[in-house]
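Hi everyone, thanks for making the time. Let me put the sequence and the structure up on the screen, and then we'll walk through a few spots together.

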Amino acid sequence: MIFHFFTAPFLFPHFMVIMEEMYVKEVFFMGKVMDILETIGHFGKNPDGSYTRRLYSPEFFQALEAAEGLLRQAGLTTSRDAAGNLRAVLPGTDPEAKHILLGSHLDTVPSGGLYDGAYGVAAAIGCVRRLREEGRKLRHTVEVYAFNGEEASPLGGTFGSRTLAGLTDPDQPLLRETLEGFSHSVEEILACRRDFSDAACYLETHIEQGGRLEKEGIQLGIVSGISNIVRYLVTAEGQSNHGGTTPMEDRQDAMVAMAKLIVFADAACRKIGHSLVFTAGKIQCSPNAANVVPGKVTCTFEMRNVDRQYTDELIREIRAATELIPDARFTVQQLIHKDSALCDPKLMEAFEKAADSLGATWQVMPSGAGHDADSIAHRIPVGMLFIPSHLGISHSGKEYTPPEDVERGGEVLYRTLLGLDD
């Protein structure tokens, strides 16, 4: 029996669904973002499969060189600055139209994964390569950035994008000495500041680095804002004493006091809700001996939320609780307060329209992690798009995102770029 193509859908209802899925998969792989990611991201690969590309490291510059080569092949002109940032420019047809910026970072944490940061650079490269392949000329000039030093380093997080945005504090303690260790000067870094008067917006794609999208079966996250980072050093001082001869009722145990405060802070964070998170991440005990009652304990308390009112509420409750714990005396010292950054509603809408045009599922969500978009948001509107992270794992060699999700994010970024150009 012979079936004509135009009659097959009526005889096999699922046939059109299969054909549609095949078409969508083909569209996803037109940009070949995964191939680009593997090309620029494999530098610094460790024997255990993880990746290490630290600030100003040879491995970082190897990845930067690979990205620069791909961008030049796509017809972009490139340049680098003293901060280690790569900039690539694809001129538009309208010199009066403001530029659309795309990008992310190429450095990693020690023993990190393939996707964090480098994916956003790969997706941006995929967009400009596809413009060239399709012979499209956009009205707006498109710029692609590959940033250096987004991860924590001796120069602080988001170093490259902060430098570009002119957010470097020249009076930062040890800044000059630290830069000299990387063969750069404060003056060189300050000169990296960009004039954003010709820029319209910045778009960044990134893995979620959490498990929410995968758990809920959602394909994309449209970021509403990037959480603030507030970090305190909390110190509990009790009395060191013999662990065998000091009765329990006579102890001033700083470790017990700190443990009580940590448990209280965790519970208070959960009660406040609104996506507020709390981490007691680094703890030190003195004298740190098995048979001595701890006399002094320090611990970092970090809290994050897009809305500052919730981090303020949590630290107020923590300070109040320190007055009620009898085991030790507490001091609370602020170490870091990095403000949150809100994503632009119009750019969020552009991502939504692009996702809808593809038939992709999405949800609006905050980012608990910091990103380069946080720095750029001080100068121009920003938008961010998340793709799922398998099992919520990131900053690990086990970081993984399926290729179809990688390509879907690249496709939505490309459609968003076209939509903004209109």
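Pro287 sits in the loop between β9 and β10 (292–293). The peptide bond that joins Ser286 to Pro287 is cis, with omega at about 10°. As background, most peptide bonds are trans, and most residues other than glycine have a negative phi. When I say helix or strand, I mean a DSSP run, H or I with at least four residues for helices and E with at least two for strands, numbered from the N terminus.

Two housekeeping points. What you see is a predicted model, where local features need pLDDT of at least 70 and side-chain atom pairs count only at pLDDT 80 or more, while totals for chains, interfaces and linings use all residues. Residues are numbered from 1 along each chain as its sequence is written, and side-chain values use heavy atoms, with hydrogens and water left out.

Staying with phi for a moment, Leu174 has a positive value near 65° without being a glycine. Leu174 lies in the loop between α6 (159–164) and α7 (175–181), and its relative accessibility of 59% makes it exposed. My cut-offs are under 20% relative accessible area for buried, over 50% for exposed and partly exposed in between, with a 1.4 Å probe and protein chains only. Gln209 is another non-glycine residue with a positive phi, again near 65°. You'll find Gln209 in the loop between β5 and α9 (212–216), and at 18% it counts as buried.

Gln209 brings us to Ser389, which touches Ile207, Glu208, Gln209, Gly210, Glu214, Tyr400 and Thr401, leaving out residues up to four places away in sequence. Touching, or contact, means heavy atoms within 4.5 Å. Where is Ser389 found? Its place is the loop between β15 (382–387) and α14. Ser389 is buried, at 1% relative accessible area. A polar atom of its side chain lies 3.5 Å from the backbone nitrogen of Glu208. Along the chain, Ser389 and Leu213 are 176 residues apart, yet their C-alpha atoms are separated by 7.7 Å.

Now for α14 itself, which spans residues 403–421 and holds Arg408. Is Arg408 buried or exposed? Arg408 is buried, with a relative accessible area of 10%. Its side chain makes a polar contact with the side chain of Asp405 at 2.7 Å. A polar contact here is a pair of N or O atoms within 3.5 Å; within protein, one has to be able to donate a hydrogen and the other to accept it, and residues adjacent in sequence count only if both atoms are side-chain atoms.

Let's go back to β9 and its sheet. This is an open sheet of four strands in the order β9-β11-β7-β12, paired antiparallel. At the edges are β9 (277–286) and β12 (329–338), each pairing on one side only. Pairing requires at least two DSSP bridges between two strands. Neighbouring strands in the sheet are turned by 15° against each other on average, ignoring direction. Between β9 and the antiparallel β11 (residues 296–304) there are eight bridges, and Ala280 stands opposite Phe301 of β11.

Helices pack on this sheet too. Helix α10 (residues 254–272) lies across β7 (229–237), β9, β11 and β12, at about 10° to β11. Helix α11 (residues 308–322) touches β7, β9, β11 and β12 as well, and its direction makes about 155° with that of β11. For these angles, axes are lines fitted to C-alpha atoms, for helices over the stretch in contact, and angles run from 0 to 180 degrees between N-to-C directions.

Ile36, Thr39 and Ile40 of α3 meet Ala63, Ala66, Ala67 and Leu70 of α4.

I'll finish with α5 (residues 118–134): its 17 residues reach 24 Å from first to last C-alpha, close to the expected 24 Å. That expectation is 1.5 Å times one less than the number of residues. Of those 17 residues, 13 are buried, so α5 is largely enclosed by the rest of the structure. After α5 comes Gly135, with a positive phi near 70°. Thanks, everyone!
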